[in-house]
Structure formats: structure tokens, C-alpha cells
Amino acid sequence: MKIHEYQAKEILRQFNIPLPDGKVADTPEKAREIAESLNSKVVVKAQIHAGGRGKGGGIKLANTPHEAYEAAKSILGMRLVTHQTGPEGKIVRKVLVEKATDIKQELYLSLLVDRSRNKECLVFMASEAGGMDIEEVAAHSPHKIIKVAVSPATGFSPFQARKLFYGLFIDKALFSQFSNIVKALYQIFVEKDASLIEINPLVITSEGTFVALDTKITFDDDALYRHPDIKELRDFTEEDPLEVEAVNAGVNYIKLDGEVGCMVNGAGLAMTTMDLIKLAGGNPANFLDVGGGASAERVEKAFRILTSDPKVKAILVNIFGGILRCDRVANGLIEAASKIEMKLPMVVRLQGTNVEEGRRLLQNSNLKFEVAEELYEAALKAVELSRS
Ligand code: GDP
Ligand code: MN
């Protein structure tokens, strides 16, 4: 789960990481008030779940409260396009108004789970090339990235902060400040079950102190149940609306780019179904696992999700009826399809208990079901129908 910059900064503040003073606003008037109370030059920053806002025009410096008002007016409501949002961009609903920082140097610092290593460990990354995308630095000047692995079994030790620090070639007098930040990052990561914390840029100011100018935190979804306070920070307007609907319906759904909508019970079977659609020359529009239950209600929700994707031209249902018998599944499909007045062709492949009865029910209904016995045959049919 991702959160906004202003929310991430609140967490960093609790762990004494130095930050610029600031507050979030959802109107230009509020932005002006905040700028007045900060009584200094400010920076007005679009709050969206994507980086690259600076280049996209989502970050503006303002010398006066009136300029802060104007900056917020132009940013709020804009559709901000960055290299991370895709061409459709993201609508800005909030801005963070902060005291502007006098920057001497921009650094990069992050902590994440490194899945590319054989041992399970966390990795700190630091770089003198701050303010840029770390992927870019990794591609063009990898020698500028210092990596230090930390085993979760032994935890963080001060020598690891030293190793990062000496790779940055900055003023030695800054070490104790730097070390405190590194230590706090590790603490936040473990206590809050994060999967990534990034400070980019971590700035050295003209007064010679550190300030975390921009930060991003991603949390481990599987640990959210332990952190009700963090779960509350979720902003559903930032997420794909179909995926949100699926979460609420208890359906496991991931949107993809193809034309064949899939409804399957079980994650493994869903993957297989997607593979066979590819093999049949088509492209799956999604991954969708309705779960073992596949109740009429869930099936209806799943149909609604599939049909609200305009790219979907045909639906492939692949259900294995074990404890849940195929005749019950068939009735659920018929009920759901007639309730939502399904217009798309549906290929259904059932296997399992009472499969004959299930198929008969589907064939005798006057809805657009095509019954298939084998999975590959079903995939071929669905791909063909998606093109007609
Ligand atoms: P991002 O583009 O979404 O990563 O947003 P950032 O918050 O990282 O800002 C991008 C860039 O804007 C930074 O690397 C800085 O160069 C600049 N910037 C942001 N805040 C300030 C500030 O307070 N003062 C100055 N001088 N520059 C800033
Ligand atoms: Mn940044």
C-alpha cells in the first residue's frame, strides 16, 4: 500500500527525522493561510501517488502567500502527468505547503527489501546523485550507488551507517546527524512493516543540516492488519476503481490490457487460464480469482467488474466445482448474468461434481453462454469471440 508524501512525512517526524515545517491544503485559500503562518518562502507540492512531480509541473516555489495561493490554484484539480502515472495522469486533490529549503546538495537514501539476493535481507541504498530517479542512476552511473545489506536476524549496527556515509564523500562533521537518520529509517521500516522507504532528495542545507525534502513509504499489504492506523491512510481515489471494488467484494482482481475477461476460482487455475488464452493467440484482460466459494453474489460482482472494463470483448469462465457443485455454479452464473443483463459472449468451462447438470442448465438458459469441456477449447472459443 502506498501513502502520500505528507502522510509519510508525519511518520518520519514521529521518529525525529528533520523535515521542513508544513501542512496540507485542499483549497488555494488554505494554502495561502499556511504560507502566512509559515512566514517564509514556501514550496507548494502536488500530493499524488507518483514521483516525478517536479518535472511534470506539480511543484512550485512561492515567495509570498499570494504566490502560494496562485500556485495551489494552478496545481489543485490539475491532471498531473509524470513518467510514473502513465499518459492519463492523476488528478491532484491536495497540496503540501512547506517552508522552502535552501539546498546545498541533494542526496539519495532508501531502505528496501532486496529480492534479488539469495539471502533474505534489507538493503540500504545511498547516493550522491540525489533528486534523480534511482533507476536512472543505476543505469548510467551504478558506481554512485552504495548498498549496505542488513540481515533482519542481527538487525542494524552503527558500522553500517558509517559504511554508507563514507561512500558519500560529504563533510565528516555531518556523520552523527546522518547516522541518526539511518537508524530511524530502520526503526520505522521494522516497526511499521514497510517494504520501501525512500528519501529523495535528502538535502544538505546551506546551514549544513540534513532535511528530508521528499519521501515515499510503501507498506507490506500482508501486515496491514497489524497497523489499523496505517490502514486508515489509504487513499482509494489514487487506486484503480475496479481494483478497489474487487477488494471490497473479496475478489482478487488485477487489471491487464487484453480483450478476454477471465473469471476463475483459484489463483493457480487463473494463471493457467491466462496462459492458455495467450497460447490461443489472445490476451487476457485481467487476473480474477473469485475464490473457492464462487457464490452467486461474488460471481455477480465479478461480472460487474469485468463488464466495466471497456476493453473486454468476451468472457471466459473457468470453474472447478469441488465442494461447491457445478450445478450451483451454473445457477449462480445464470442468475448473475440475467441480473446485470450481460451483453458480452461468455464461454464457460466447468469441471467437477455434477458437471453434466451444470452444463445442461447453462445450455438451456436463453443467455449467451457457450459451454466448453476442455480448457484449451474454451480459450480458443473465447479468443475467437473476442474478435467477432
Ligand atoms: P518529485 O519530483 O515528485 O520527486 O518531488 P520532490 O519533492 O523530490 O521535488 C523535486 C525537486 O524539486 C527536488 O529535487 C528539488 O530540486 C526541488 N525542490 C523541492 N522542494 C524544494 C525546496 O524547498 N527548495 C528548493 N530550492 N528546491 C526544492
Ligand atoms: Mn523526489
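**Notebook: charged and aromatic pairs**

I began with Glu373 and Arg359, whose side chains meet in a salt bridge at 4.0 Å, N to O; I note here that the model is a predicted one. Glu373 lies in the loop between β18 (369–372) and α14 (375–387) and Arg359 in helix α13 (residues 355–364), so this pair ties together parts that are 14 residues apart in sequence.

I went on to Glu238 and Lys90, which form a salt bridge of 3.3 Å, N to O. The pair links distant parts of the chain, 148 residues apart, with Glu238 in the loop between α8 (228–231) and α9 (241–249) and Lys90 in strand β5 (residues 90–91). I found Glu238 buried, with a relative accessible area of 9%, while Lys90 is partly exposed at 21%.

Next I looked up Arg53 and Glu5, where the closest N and O atoms of the salt bridge are 2.8 Å apart. Arg53 lies in helix α3 (residues 53–56) and Glu5 in helix α1 (residues 5–14), so the pair ties together parts that are 48 residues apart in sequence.

Last, I turned to the rings and found seven aromatic pairs. Phe165 and Tyr166 form an edge-to-face pair, 5.4 Å centre to centre with 85° between the planes; Phe165 is buried at 1% relative accessible area.

Note on methods:
Residues numbered from 1 in each chain as written. Chains lettered and ligands numbered in written order. Predicted model: local features only at pLDDT ≥ 70, side-chain atom pairs only at ≥ 80, totals over all residues. Heavy atoms only, no water. Phe/Tyr/Trp six-rings, centres within 6.5 Å; stacked < 30°, edge-to-face > 60°. Buried < 20%, exposed > 50% of the residue type's maximum accessible area, 1.4 Å probe, protein only. Helix = DSSP H or I, 4+ residues; strand = E, 2+ residues; numbered from the N terminus.
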